[in-house]
Amino acid sequence: MLKNSILAKSVRFALVAGAASSAFALPAVYAAEDGEKVERIQITGSAIKRTDLEGALPVQVIDAAEIAKSGVTSVPDLIASLPSMQGFVAEGESVGGGGGGVQTASLRDLGAEYTLVLVNGRRQVSSDSGGSVDINSIPLAAIKRVEILSDGASALYGSDAIAGVVNFILKDDVQETTVSARYSKPQDTSSYNFNITTGFGDISTDGFNIMASYNHDGKDSLKASDRDFAKTGMVEFEHAGQQLIAISGSSNAIPGNAYVTYNVRDADGNLVIVDGKQKTGTYALNPYKEMTGSCHETSGPSGNACQFDYTSTLEIQPESTRDNFLLQGVFAVTDSMEVYASATYSKFDMTSRIAPYPTGTFSLGANSDLVQDYVIPYLPSDWEDANGISQDVAGDATKYAARWRVLPGGNRTNEYSTVTKQFVVGVTGEVADWSYDFAINKGDATREDNRITGYPLDAEFRALLASGDLNVFLAPEDMSAEQNKAVKDTMYNGNWDTTDTGLFTVEGKASGVIAEMPAGDVYLGVGFDYREQEYSVSISEANEQELIFLDGKGDEFDLSRNMYGAFAEVIVPVAENFEVTGSLRYDHIGATKDDMRAGEKTVGDSQADTTYKLSASYRPTDEWLFRASYGTGFKAPTMRQIAEPRVEFGVTATAYDCPEGLPAEKAQYCYTDKLQYDVYREGNGDLKPEKSTQYTVGFVWSGDSGTSFGVDYWNVEMQDQVSRLTQNQIFFEADRYSDLFVTKTDKGTGDTILAIVQAPDNIGKSKTSGIDWSFDFSNELSFGTWNTNVQGTYMIESKNLRIGTTDVWDTSMGKVGPNEAVTFRNQIRIANTLTMGDLTQSLYVNYRSGYQDAAADVAFYVAQAADWDEAVDGSLVQKHVPHYFTIDYRMSYALGDSANLIFGIKNLLDEEPPFTLNAAAGHQVGYDPRYADPYGRTFYVQADYKF
């Protein structure tokens with residue numbers, strides 16, 4: 001009978017582990033009845049050993065050989081290459097965006113916070129106050145395989161697994177040494193990689209194994225000026241038969257802009273009084289433009305003022321170095337018990353250089369030489385305001401100010417330095433036909449934001465401005481060496497803030513047979529986990545004392561919470577070819593403790609949730625497998641979402657006009673120009689866990705000739721989703737959200753200015769569905785073996801209920817949506833490998849579908865290319881961004897059994913990123929760093945040696 005065969009024994013032991021949720025990734029070896037050894041392979045979300053590793057849950061397995069053939073050099077690069085991944089934080093987003101030196105994984109475009117990242121089946125320390133993991137800390141060279149469960153798994157793992165699970169299984173039982181070195185050369189930059197992995201001891205004969213792995217890689221920065229598609233924020237393009245130019249700039253310009261506040265008069269020349277106060281207006285001009293007739297070559301027009309082309313000064317891809325070290329050991333205590341331990345250390349440094357410091361608005365003395373010589377001579381006496389009424393700006397001027405770009409101080413340069421440490425110790429084995437696993441897991445991560453240069457010290461810079469020795473209205477080439485040095489001497493260097501996160505986990509599980517049925521044994525698994533999560537932010541003395549010009553004090557946090565959960569899983573063989581699995585989990589999330597808060601130290605209440613999952617698989621023949629699952633999920637709000645006080649959160653991603661519909665008492669504090677506004681964020685102690693329901697239905701067909709085909713339909717619906725109104729929603733519906741507009745004091749002028757607040761709430765819903773599909777083909781040719789694997793994800797639906805409505809749904813499907821991002825309808829990856837003896841060649845084809853671009857006026861001033869002063873209605877300018885298609889080639893030649901020489905070309909056709917008018921990911925303009933490779937054609941060579 002089948003159950004007495006080697007395969008049946010393998011399946012039996014796999015089922016035992018499956019009942020324990022497969023959280024332990026070390027393979028165990030058991031003896032079959034004929035004396036052969038059968039290795040148990042555990043698959044994320046299930047542990048059923050089966051042909052082609054296919055079961056009731058859709059799990060993609062990528063082994064070390066496939067990772068090597070893909071040509072990637074880091075875990076973030078690997079994640080970015082997978083069709084099922086959308087919505088992750090990319091490297092380029094740390095260039096003025098929200099990356100902060102962190103990179104993540106995200107399934108289904110649901111976001112990193114809904115994708116659980118594991119290493120050897122265990123949670124990793126978070127990079128934030130929730131569950132998002134910085135995947136830079138995971139050593140690529142030590143990975144044995146990656147298992148991607150593209151189905152919700154909260155009933156197995158608890159919070160954060162709504163979208164699915166990515167489990168990195170590290171190498172084990174290594175008994176040799178492998179050394180690898182690689183050098184990559186795109187145009188104008190380079191990168192390198194070195195790793196060594198070694199081990200000794202055979203667990204089956206020596207009773208132990210020790211393994212160590214070290215990886216080091218470095219990447220140089222890439223300047224905007226080195227790529228035509230990214231070198232400027234003044235981009236000419238064609239639309240509807242017109243040659244237009246889109247200008248994305250900043251009013252913090254060099255030469256500087258001047259701003260004059262004047263008393264407003266009515267049509268009869270009388271001063272206008274509103275609520276007992278003199279009404280004032282603001283007139284903007286650029287003295288350099290007034291003197292020369294046009295803006296400086298570094299800038300474009302913005303009414304009478306000018307916009308600085310800050311894009312030209314960027315490094316569009318940051319510089320980075322990474323060191324990963326892994327040490328792990330397994331020791332056989334008895335024939336049925338093993339003790340294991342592992343320690344990982346990672347240091348990742350990313351250096352981001354963005355445009356020189358913008359001063360914001362700072363006051364100028366009315367009697368200063370700058371005002372007398374460069375401003376007053378160019379003030380009009382008959383300027384018509386927005387109402388067409390002539391104003392005598394020169395005669396009614398009351399206040400003078402300027403905005404400048406501190407170009408002589410160099411780029412704002414931030415070094416994000418992250419050290420991550422994780423330690424696991426545990427014991428696993430069998431007692432009376434029950435398997436068990438118990439472990440303690442501790443992780444810590446420290447991320448420092450160090451400001452290297454480009455940030456002027458407040459007192460020193462103000463003194464320089466007041467001295468009269470600095471002329472902010474001069475062209476940069478006209479500034480003297482003494483002026484340039486004086487500015488450089490005011491720059492700050494040192495730590496700005498430090499983020500520390502911690503995770504402590506105790507977990508255990510056990511599983512075994514509880515009953516026998518005609519079709520096989522029934523297995524039960526039970527387990528628990530207890531977690532302590534910590535998040536703190538400390539600021540430097542310079543930050544505390546507000547030493548940077550116009551930069552406010554940062555906020556400090558010291559948050560923590562405890563969580564525990566218990567689960568049970570049962571596997572029932574209903575018939576010989578039909579199996580059903582059910583799991584149930586209870587989770588309790590403690591209230592957030594805030595040690596920085598005065599008085600009451602806890603925020604919000606403790607919360608609890610129960611989730612479940614049912615799955616089934618049916619094999620009518622050896623070739624066909626049908627599978628389905630249905631379950632619920634949840635996600636706990638992050639500690640900052642719960643406990644964050646009102647804090648400054650930079651400025652809006654794009655510039656806005658004063659919004660229509662804003663009440664007059666607030667509209668009076670708008671800027672007169674189209675500018676970026678300050679942003680606040682704050683928490684909400686009343687947040688509840690987000691909940692979800694999800695299901696999958698699919699099949700896999702596997703033929704005898706190495707051909708297989710699989711399709712899985714998946715559907716995820718979320719309720720009580722924690723959402724924040726987008727900046728566009730707040731500004732474009734100001735009448736609805738007027739309460740989110742607040743005021744603050746401008747430190748440069750003392751004026752009251754407008755700002756917005758983005759706070760989270762449980763008012764979101766989302767519906768997301770799609771199809772994952774794959775095709776594998778293998779063919780023996782006369783000259784070698786040809787293998788083809790095609791994987792794709794087709795998104796059917798991705799929409800969110802608009803906040804504040806009950807029936808209006810927003811989507812980014814195939815277009816830049818309200819979240820200023822894109823959900824791609826199609827993503828496909830084709831891997832072709834031809835093996836001819838010692839020579840292996842691989843060709844990868846990567847495809848991402850096109851999308852509808854954002855309207856040009858969201859981020860740009862649009863004008864006729866022939867006359868930049870002739871503005872065009874940018875809201876009517878919307879282009880289609882074409883599909884993005886790249887090809888990678890790799891050739892490997894084996895020199896015996898111990899060495900390999902490798903040559904490869906990434907982006908073989910040197911495909912440039914498609915042009916886009918969306919500029920929300922970072923400071924890059926002209927392309928989107930989240931969706932395209934700015935490096936272009938990249939050659940690389942690599943050598944591997946094993947001994």
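This is a predicted model: local features need pLDDT of at least 70, side-chain atom pairs count only at pLDDT 80 or more; totals for chains, interfaces and linings use all residues.
## Nonpolar cores

Let's start inside. The largest nonpolar core is made of 54 residues, and Val-375, Trp-404, Leu-470 and Phe-473 have the most contacts within it. Several elements each contribute at least two residues to this core: the strands β12 (234–239), β13 (242–247), β14 (257–263), β17 (280–285), β23 (362–364) and β26 (397–403), together with the helices α6 (369–374) and α8 (458–467). Another core, of 37 residues, lies apart from it and includes Leu-78, Phe-168, Val-174 and Val-716.

As background, nonpolar side chains tend to be buried together in soluble globular proteins.

Strand β39 covers residues 690–702, and its side chains alternate. Glu-690, Ser-692, Gln-694, Thr-696, Gly-698, Val-700 and Ser-702 point to one face and are buried.

β39 has pairing partners worth a look. Strand β36 (residues 624–635) pairs with β39 in the antiparallel sense, over twelve bridges, and here Phe-626 has Phe-699 of β39 as its bridge partner. Strand β40 (residues 708–723) also pairs with β39 in the antiparallel sense over twelve bridges, with Asn-715 of β40 opposite Tyr-695. β39 and β40 form a hairpin with five residues between them, and Gly-706 in the turn has a positive phi of about 85°.

## Aromatic pairs and a cluster

Across the whole structure, a search finds 29 aromatic pairs. One of them is the tilted pair of Tyr-374 and Phe-473, at 6.0 Å centre to centre with 35° between the planes. Tyr-374 belongs to helix α6 and Phe-473 to the loop between α8 and α9 (481–488), so this pair ties together parts 99 residues apart in sequence. Phe-473 counts as buried, at 1% relative accessibility.

Because Tyr-695 lies in strand β39 and Tyr-713 in strand β40, the pair ties together parts that are 18 residues apart in sequence. Tyr-695 counts as partly exposed at 31% relative accessibility, and Tyr-713 is partly exposed with a relative accessible area of 25%.

Elsewhere, one aromatic cluster is formed by Tyr-656, Tyr-671, Tyr-677, Phe-731, Phe-732 and Phe-741.

## Arginines over rings

Finally, two arginine contacts. Arg-182 lies over the face of Tyr-940, at 3.5 Å from the ring centre. Arg-403 lies over the face of Tyr-259, at 4.0 Å from the ring centre.

Terms used:
Residues are numbered from 1 along each chain as its sequence is written. Side-chain values use heavy atoms; hydrogens and water are left out. A nonpolar core is a set of buried Ala, Val, Leu, Ile, Met, Phe, Trp, Tyr and Cys residues joined through side-chain atoms within 4.5 Å. Buried means under 20% relative accessible area, exposed over 50%, partly exposed in between (1.4 Å probe, protein chains only). Helices (H or I, at least four residues) and strands (E, at least two) are DSSP runs, numbered from the N terminus. Two strands pair if DSSP finds at least two bridges between them. Rings of Phe, Tyr and Trp (its six-membered ring) pair if their centres lie within 6.5 Å; planes under 30 degrees apart count as stacked, over 60 as edge-to-face and the rest as tilted. A charge sits over a ring if NZ of Lys or CZ of Arg is within 6 Å of the ring centre and within 35 degrees of the ring normal.
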